[in-house]
Amino acid sequence: FMNSLPHLTGTSAVEVPPIVTSVGHRWGAAFPIPSPEFAEIDCQLIASEQFVACGDYFGKLPGRIEGAYLSGLAGANEIIKLNEELLR
């Protein structure tokens, strides 16, 4: 980031103060530990309630954006499948 400051400001005369301290914070729920039940499914559809739960808590990639994407995709596919069944 520091090397990009001259480019971002449009001048090479960028005076960067020294870093005195830094703090990092991670969301506590960013590392889900799903139960084995949720690790085996990509989403949870409750058709009677017209509800589908999805996210990085489901599937084989817990806590990762890829897992959330795949779970959302699975949830969308469940909704499509349910709608196709209702239209028959």
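A residue counts as buried when its relative accessible area is under 20%, as exposed when that area is over 50%, and as partly exposed in between. The structure described here is a predicted model. By the rule above, F58 is buried because its relative accessible area is 7%.

**Aromatic residues**

- The structure contains three aromatic pairs.
- In one of them, the ring centres of Y57 and F58 lie 6.2 Å apart and the ring planes stand at 90°, so this pair is edge-to-face.
- The angle settles the class, because planes over 60 degrees apart count as edge-to-face.
- Y57 and F58 belong, together with F38, to one aromatic cluster.

**Cysteines**

- A disulfide is a covalent bond between the sulfur atoms of two cysteines.
- The number of disulfides in this model is zero.
- C43 takes part in no disulfide, and the nearest cysteine sulfur to it, that of C54, is 6.6 Å away.
- C54 likewise is in no disulfide, its nearest cysteine sulfur being that of C43, 6.6 Å away.
- The pair is not counted because a disulfide requires two cysteine sulfur atoms within 2.5 Å, whereas those of C43 and C54 are 6.6 Å apart.
- C43 is buried, since its relative accessibility is 13%, while C54 is partly exposed, with a relative accessible area of 41%.

- M2 is partly exposed, with a relative accessible area of 37%.

**A loop residue**

- Q50 lies in the loop between two strands, β1 (44-46) and β2 (51-53).
- The phi angle of Q50 is near 50°, which is a positive value in a residue other than glycine.
- Q50 is exposed, because its relative accessible area of 78% is over the 50% cut-off.

Technical notes:
Residues numbered from 1 in each chain as written. Predicted model: local features only at pLDDT ≥ 70, side-chain atom pairs only at ≥ 80, totals over all residues. Heavy atoms only, no water. Buried < 20%, exposed > 50% of the residue type's maximum accessible area, 1.4 Å probe, protein only. Phe/Tyr/Trp six-rings, centres within 6.5 Å; stacked < 30°, edge-to-face > 60°. Helix = DSSP H or I, 4+ residues; strand = E, 2+ residues; numbered from the N terminus.
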